Amino acid sequence: RASESEGEKEAIVADFHKKIKDAFEVFDHESNNTVDVREIGTIIRSLGCCPTEGELHDLIAEVEEEEPTGFIRYEKFLPVMTKVLLERKYRPIPEDVLLRAFEVLDTAKHGFLTKEELIKYMTEEGEPFSQEEMEEMLSAAIDPESNSINYKEYITMMVIDEN
Amino acid sequence: MGCSSSSTKINSAKNALKAALVIQNWYRGYRARLKARQHYALTIFQSIEYADEQGQMQLSNFFSFMLENYRKIQNDDPAIVTRLLETNLQDSQNKHAYMGLIEVPDSYDGPRLKFPLTFTDIDLLLKAFQQQQILHAYYVLEVLFEAKKVLKQMPNFTHIQTSPYKEITVCGDLHGKLEDLLLIFYKNGLPSVNNQYVFNGDFVDRGKNSTEILMILLVSFLVYPNELHLNRGNHEDFMMNLRYGFTREILQKYKLHGKKILKSVEEIYTWLPIGTIIDNEILIIHGGISESTDLNLLHQIQRNKMKSVLMPPVSNREFDSSLKNKASSSSATPGTSEDSSSEQLTKHEWEQIVDLLWSDPKGRKGCYPNTSRGGGCYFGPDITAKILNKNQLKMIIRSHECKPDGYDICHDGKVITIFSASNYYDEGSNRGAYIKLCYNTAPRFFQYQVTTTSCLNPLHQRVATMENRAIKILKERMISQKTDLINAFQLRDHSKTGKISLAQWAFSMESVLELKLPWRSLRSHLVKTDSDGNVDYMSSFQDVHIERPMEEATSPLVETLYRYRSDLNIIFNIMDSDHSGLISMEEFRTMWKLFTYHYNVQIDDSQFDEVINKMDVNKDGSIDFNEFFMAFHVVHKYDKNATDITLPN
């Protein structure tokens, strides 16, 4: 029994290693097993995890060199990321939780948020968006005629797109 | 009352904070996955691009093989050998003889150039090309003729000095993208005595306005020969043009005089300078360097003997003297034949130029063959340091590689890549950039991106479009090696279930296709998996197939012809020296024998003969190879506009 699950675990870890390697290599432009630290967030998220900015910060601290070089080495990244995947940390937000979040912000219960409201919440609350992030979200989310976001439709569209 | 309302306020504030966090967190995850998908698509484009270039180099080996063995083929030189051997037929000093009897009709309403050219002509051309006018062949040939005269006078490396009030702008690959050149001139001004430019190669191929770009650059060069500098790129090579689009563009735009123009362009390429050196500090070349780069040698070689990267020097005495005979018999005037003892460069000289035009910098130390492209090498920071020190230089500016931001700096600031064709792979794939250099100041970078309506689409739509295109190209690659792939899969499918593990599938894909891609991440686009995570490997081929032109063509033959269609197309184009679109069956048969032997392709000869006989529709002993290739194309079952996006150029 024990050896079976050991073997299983090894297979899972091996699979994780390959996935992590694939994701890492796509951003390893120099082909020297390093990536720019600014791409680590993208890599981690592309592997299906959803750390907050704060959690991401901590992860980066774990994989950085003692004297930060601006680059993250694969040798340091692999064990940390494997652990994250094994422990199923930073799970993605389920659709219904996301919907609830929008509903909370929609204090008037209209079923939509105005562009101004969305901008206000996203750039003033929580872990504020950068200008680029805000613009990108607006271009997909806002209906130009009503200048508002029907969040239920938006969520459905995003979920379909991801799958 | 007051307490509860303020605690409600605090609660709702807390809830708003939490809610915002949830949404931001979710969005960042979503956005990152979009970016990753975008990156994967770009990786696919790039690795296939490089694999194609490698195919090009393989073709070069084939030509060498063929040239070295031509006597054994037939008693007469096959047309292709003659074509490869022939040197410049247009060594005419006489403009009249050169231009022939071409006349510009009164009805022509395109731009009319006035020689000697002035800045008005540059303006005229820019305005005309913006309105999609085509310059008449007469003027094209005239520009080429005059440009060759001036280029011939230039040394292999142009030396320039900057001054505090004289900036130089360096631009990278343009690849026929007219909008990018226009954007650069708009932002940075037209070339003039006070506005120097260096264009670092790859003006042509891929984009649809290679002709216009070449004309604008050559005309500007003729007006400002001391301020407008052109370096040769790896696409300033007539054999590359056959595969990558420029040849086709010329023949389409100039149905009557296209061939003449092509020959002229072919010559112009060989006279383009190899590089530029600024302030004795900055070396500007198209590709890169190697550990054996010898600038002294490169300053002295006869650069015009470098015809094509696909024609390496053949080490064969007979061959060389035969070249000399043909050269001296076709020279119009005695003084124009080369005064050195050989018509070719030495192998060492040839390699030196290939290295300059094809190499890429990498993070790893050392110098090793550029296996992605098949030519030139990868050079590390230590190589850069060594060559720079040896020649008392400070920096290398090169192009050759598409970069997302239009430029890139590596090797500790000593190597700059500058790339000026925005949206190179697809809409939104990358920015373009140019550099401004000034005496004693750090280089300044300027970025831009040509915007079309689709650029304004939201990110997820742009990513989806690019992704679809990349996957389509990848699938076509897969179908062209279907037999080999299936063999590899079946080798691992011991129980013959039609399924193998993801790891086995990924391994097979990489080893057969020889593309280093993140197969696990791409899996969902390419193949079906079951609930256990095992891959149903045949599912990839369900909705894609190569259109079979006739019953006689079996799958392996169809695949082979499809896979090598670009190479075969190039060979045919070279064999078809009068550009009639026809070649004789005999020659094709001979070529096919050599080809299959060299490329180690196992095809039954008799089967091939049947196919070929069917192709000879008129039964006159000749094949229309354009029709031949049109017959082989990939059909995507669920594609509404079933066009093969990878037709041979």
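Pro116(B) sits in the loop between helix H4 (95-99) and helix H5 (119-130) of chain B, and a cis peptide bond joins Phe115(B) to Pro116(B), with omega at about -5 degrees. Most peptide bonds are trans. This is a predicted model in which local features need pLDDT of at least 70 and side-chain atom pairs count only at pLDDT 80 or more, while totals for chains, interfaces and linings use all residues. Residues are numbered from 1 along each chain as its sequence is written, chains are lettered from A and ligands numbered from 1 in the order in which they are written, and side-chain values use heavy atoms, leaving out hydrogens and water.

**Chain B overall**

- Chain B comes to 24 helices and 21 strands; helices (H or I, at least four residues) and strands (E, at least two) are DSSP runs, numbered from the N terminus.
- Of the 649 residues in chain B, 59% are buried (buried means under 20% relative accessible area, exposed over 50%, partly exposed in between, with a 1.4 Å probe and protein chains only).
- Among contacts in chain B with a separation of 6 or more, 75% link residues 24 or more positions apart (contact means heavy atoms within 4.5 Å).

**Helices against helices**

- The axes of helix H6 (residues 137-153) and helix H8 (residues 210-223) of chain B come within 10 Å and cross at roughly 50 degrees; axes are lines fitted to C-alpha atoms, for helices over the stretch in contact, and angles run from 0 to 180 degrees between N-to-C directions.
- H6(B) and H8(B) are therefore oblique to each other (under 35 degrees counts as roughly parallel, over 145 as roughly antiparallel, 65 to 115 as roughly perpendicular and the rest as oblique).
- On the H6(B) side, the contact includes Val140(B), Val143(B) and Leu144(B), and on the H8(B) side it includes Met215(B) and Leu218(B).
- The residues of that contact between H6(B) and H8(B) split into 11 nonpolar, no polar and 1 charged (Ala, Val, Leu, Ile, Met, Phe, Trp, Tyr, Cys and Pro count as nonpolar, Asp, Glu, Lys and Arg as charged, and the others, Gly among them, as polar).
- H8(B) also packs with helix H10 (residues 246-253) of chain B at about 90 degrees, with the axes 9 Å apart, and that makes the two roughly perpendicular.
- For H8(B) with H10(B), the contact residues come to 3 nonpolar, 2 polar and 3 charged.

**A sheet in chain B**

- Here 6 strands form an open sheet with mixed pairing, in the order E1-E5-E6-E10-E12-E11 (two strands pair if DSSP finds at least two bridges between them).
- Strands E1 (157-160) and E11 (407-410) stand at the edges with a single partner strand each, so one side of each has no neighbour in the sheet.
- Strands E5 (residues 275-278) and E6 (residues 282-284) of chain B run antiparallel and are joined by 3 bridges, and Ile277(B) has Leu283(B) as its bridge partner in E6(B).

**Spots to look up**

- His411(B), in the loop between E11 and strand E12 (415-418) of chain B, has a positive phi of about 50 degrees although it is not a glycine, and counts as buried at 7% relative accessibility.
- Lys109(A) has a positive phi of about 55 degrees, again without being a glycine, and is exposed, with a relative accessible area of 57%.
- His460(B), in helix H16 (residues 459-480) of chain B, is buried at 10% relative accessible area.
- Leaving aside neighbours within four places in sequence, the contacts of His460(B) include Ala140(A), Met157(A) and Tyr30(B).
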